[in-house]
2 protein chains.
Amino acid sequence: MTAADGARAGISVLVVEDDPVAAAAHTLYVEREPGFHVAGTVHSCADALRFLERARAAGTSVDLTLLDLYLPDGHGLQLCRTLRAAGHGTDVIAVTSARDLAMVRQAVSAGVVQYLLKPFSAAALHDRLERYARYRDSLGRAGEATGQEEVDQAFALLRTPERSTLPKGLSAPTLDTVASVLREAATGLSAAAAGAAAGVSRITARRYLEHLVDTGRAVREPQYGSVGRPELCYRWTGRP
Amino acid sequence: MTAADGARAGISVLVVEDDPVAAAAHTLYVEREPGFHVAGTVHSCADALRFLERARAAGTSVDLTLLDLYLPDGHGLQLCRTLRAAGHGTDVIAVTSARDLAMVRQAVSAGVVQYLLKPFSAAALHDRLERYARYRDSLGRAGEATGQEEVDQAFALLRTPERSTLPKGLSAPTLDTVASVLREAATGLSAAAAGAAAGVSRITARRYLEHLVDTGRAVREPQYGSVGRPELCYRWTGRP
DNA sequence: CACGTTTGCGTTCATAGAGTTCACGGCGGG
DNA sequence: CCCGCCGTGAACTCTATGAACGCAAACGTG
């Protein structure tokens, strides 16, 4: 497949991730995304570099690299800089569990287009990939920018959070509040307790807690022991 | 002024621009910006590289480079990649008159933080520099990110809603009125209350309040407790 | 084992404010 | 003088919330 084909037929992705389980998961997620396909999956810096060199030699292009930053034989950002110096044009989405803020800045200056914290949900990756596709689309058609606006628009596509659309009847701020209340609570919370802590009614709290359960960010388990109907206990499971 | 001074007293900037007139103008603009100072002004890739090497050897740091892309002895983005490969951490704002959209993508992957089309107004540069300062601030304090939100927030600071010119449908005098009304109110105001205080309708007040939220000068938080849809409470956060 | 008791879940509905659409008035330019 | 554009606000629709209420599920008792 040529670069031109890639642009037309889809965006080819290289997955770089040392953990085999995570690598398989990422690969699966990308394959599920319409318009994207996985060109390869490798587990180290050296393999990634070798893969990209070979792809370039073969005239095929890797449009996007899903790059874990902590790899057994080196750091992802260093690989990134090496790639740039070698003239590779592949875009990079950094994937890391490091919470270090300074790393974010280094990543930007190394030229990553997105920065995704592990562990992430399929929805989160979907969001990033879709926005990358739009970014690419807005710049891909060869042409002249009419003005600064157009350039800014492209930057905004990469850098605006644009939270995913919530179901009707739910609002983002309330969801944030309830989610953080639940996250803080080491042990689980009942809907009533969560509501009290978040400053909303039990009914509202329950709505958002159910949403969190639906989207896999929380679980609920009944609490037996006392007389009466068992109390449902919601517990945070982490995956955002 | 040393780099340590620079880190404390402000952000040190290297201006790279071959046209002497433009170079002087850029230098002047940067010097006028509070919190920024010009570490040097050079006119070619080679000089820029030499300057940065010497600064590093002297233990001083250049935080930001205002980089023209078309230089007599090479292309700015190539210089950028060279810098990355050599381990220079300076951030880069690309400045160019090229309208080529493909160049924008290359610039992103080379790790530029902003892309500014020439000719630009002093206000446009001011806006970019201020955003950069805030971006740097949000990442600079060494610390751990609590979640993806914080990372996204930092990325969002590099996006550009062009604050110097108001969006369509908004006028400067009304914005001033609404902003000062909100600033005076110690506790938050609802859109209706702000409108009443400013002497405009709820709808208009909301427009301007939303703009203030978009530009980071205000936040909005829902007020729960009573029946009915929660009232949105806007609160001034100061950053102008 | 069956039935009452108890407790909290889950649903329905009224409500109040958010958000949107569209028409008006005023101002500047041709 | 007329035309078009821009900021404003009125009317309307939509949406997020909490109160009330019936019901489900476990325990206790005979």
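## Strands β3 and β6 of chain B

In this predicted model, strand β3 (residues 64–68) of chain B runs parallel to strand β6 (residues 91–96) of chain B, and five bridges join the two; strands here are DSSP runs (E, at least two residues), numbered from the N terminus, while helices are runs of H or I with at least four residues. Within this pair, Leu64(B) has Asp91(B) in β6(B) as its bridge partner.

## The sheet and its helices

Both strands belong to an open sheet of five strands in chain B, with the order β2-β1-β3-β6-β7 and parallel pairing, where two strands pair if DSSP finds at least two bridges between them. At the edges lie β2 (36–42) and β7 (112–117) of chain B, each of which pairs on one side only. Neighbouring strands of this sheet are turned against each other by 20 degrees on average, direction ignored.

Helix α2 (residues 20–32) of chain B packs on the sheet and touches β1 (11–16), β2 and β3 of chain B, its direction making about 165 degrees with that of β2(B). Helix α3 (residues 45–57) of chain B also packs on the sheet, where it touches β1 and β2 of chain B, and its direction makes about 130 degrees with that of β2(B). Contact requires C-beta atoms, placed from the backbone, within 7 Å; axes are lines fitted to C-alpha atoms, for helices over the stretch in contact, and angles run from 0 to 180 degrees between N-to-C directions.

## The surroundings of DNA strand D

DNA strand D is surrounded by 32 residues, and the closest are Thr174(A), Ser201(A), Thr204(A), Thr204(B) and Tyr224(B); a residue is near the strand if its C-beta atom, placed from the backbone, lies within 6 Å of it. The elements giving two or more residues to this surface are α10 (202–214) of chain A and α10 (202–214) of chain B.

## Numbering and confidence

Residues are numbered from 1 along each chain as its sequence is written, and chains are lettered from A and ligands numbered from 1 in the order in which they are written. Because the model is predicted, local features need pLDDT of at least 70 and side-chain atom pairs count only at pLDDT 80 or more, whereas totals for chains, interfaces and linings use all residues.

How values were computed:
Contact = placed C-beta atoms within 7 Å.
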